[in-house]
Amino acid sequence: LEDVTAELENDKKTLEQIRQQLQKEQTSKKELKEMVHSLEDERNELDDHVRTLEDRMASLTNERGQLASLKEEIRILEQKVDDLELERNELDDKVTTSEAKIAKLSEDLATEQGSNKDLQQQLDEKTSQVEDLSTKERNLRDQVEALSNVREKLAAANEELQAANDKLSKNATQIHDLE
């Protein structure tokens, strides 16, 4: 009975650890979702920035056609456009990297969800085992009580046998004395 009780305590501790691990994984999953949203917001901002740069480039091209006297300034602006194009390429690379990160995070999230299902199944199995052990413990207590009742009955019967034996010994002694 002490072994069963100790086993129940160990199973309770294991269940608590599993619950804590589930909570940590749910927090991790929430953080992953927040990171995905943050990366999507960043991607939208980068797209807006690219559109802004494209608008600016078109405006500069119109000015070049209209203002021949500003060729030097246009050349400088074209250099800026080239720099912006490089920046755009870098931003495109960042968008591509962000998309890859989003895909990886989505994959990690799916893996976490699968892991959570496995942990839930383990928790259900441990809960079932604890319930089985509780039933066994109740059965053992019932058996111990039944054995205790049998022991009391045996003790009473033993006393009756002892009294009968004493009476027989007394009768045998009386018969022996009478002979």
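Start with helices α1 (2–66) and α2 (71–178): each supplies at least two residues of the lining of the largest cavity. Keep in mind that this is a predicted model.

**Stop 1: the cavity**

Select Val-50, Leu-53, Glu-54, Met-57, Val-81, Leu-84, Glu-85 and Arg-88; they line the largest cavity. Its volume is about 70 Å³. The structure holds one cavity of 30 Å³ or more. Now colour the lining by residue type. Five of its residues are nonpolar, three are charged and none is polar. Stay on Glu-54, Glu-85 and Arg-88, which a network of salt bridges links together.

**Stop 2: the largest nonpolar core**

Next, select Val-4, Leu-8, Leu-15, Ile-18, Leu-22, Leu-119, Leu-123, Val-130 and Leu-133. These nine residues make up the largest nonpolar core. Both α1 and α2 give at least two residues to this core. Which helix gives the most to this core? That is α1, with five residues.

Zoom in on Leu-22. Beyond its neighbours within four places in sequence, Leu-22 is in contact with Asn-116, Leu-119, Gln-120 and Leu-123. Then move to a second, separate core of five residues, with Leu-32, Leu-39, Ile-102 and Leu-105 among them.

**Stop 3: Asn-116**

Pick Asn-116 in helix α2. Is Asn-116 buried or exposed? Its relative accessibility is 10%, so Asn-116 counts as buried. Show its contacts, leaving out neighbours within four places in sequence: they are Leu-22, Glu-25, Gln-26 and Lys-29.

**Stop 4: salt bridges**

Side chains of opposite charge can pair when their charged atoms come close. How many salt bridges does the structure hold? There are seven.

Select Glu-99 and Arg-43. The closest N and O atoms of this salt bridge are 2.8 Å apart. The pair links distant parts of the chain, with Glu-99 in helix α2 and Arg-43 in helix α1, 56 residues apart. Glu-99 counts as partly exposed because its relative accessibility is 32%. Arg-43 is also partly exposed, at 34%.

Two further pairs sit within α1:

- Asp-48 and Arg-51 meet through their side chains in a salt bridge, 2.2 Å from N to O. Both lie in helix α1, three residues apart, about one turn of the helix. Asp-48 is partly exposed at 40%, and Arg-51 is partly exposed at 45%.
- Lys-12 and Glu-9 form a salt bridge of 3.9 Å, N to O. They too lie in helix α1, three residues apart, about one turn of the helix. Lys-12 is partly exposed at 47%, and Glu-9 is partly exposed at 40%.

How values were computed. Residues are numbered from 1 along each chain as its sequence is written. This is a predicted model: local features need pLDDT of at least 70, side-chain atom pairs count only at pLDDT 80 or more; totals for chains, interfaces and linings use all residues. Side-chain values use heavy atoms; hydrogens and water are left out. On a 1 Å grid over the protein atoms alone, a cavity is a set of points where a 1.4 Å probe fits but cannot get out, and a pocket is an open set with protein on both sides within 12 Å along at least five of seven lines; lining residues have an atom within 4 Å of a point. Grid points are joined across faces, edges and corners, and a volume is the space filled by probe spheres set on the points. Helices (H or I, at least four residues) and strands (E, at least two) are DSSP runs, numbered from the N terminus. Ala, Val, Leu, Ile, Met, Phe, Trp, Tyr, Cys and Pro count as nonpolar, Asp, Glu, Lys and Arg as charged, and the others, Gly among them, as polar. Buried means under 20% relative accessible area, exposed over 50%, partly exposed in between (1.4 Å probe, protein chains only). Contact means heavy atoms within 4.5 Å. A nonpolar core is a set of buried Ala, Val, Leu, Ile, Met, Phe, Trp, Tyr and Cys residues joined through side-chain atoms within 4.5 Å. A salt bridge is a side-chain nitrogen of Lys or Arg within 4 Å of a carboxyl oxygen of Asp or Glu.
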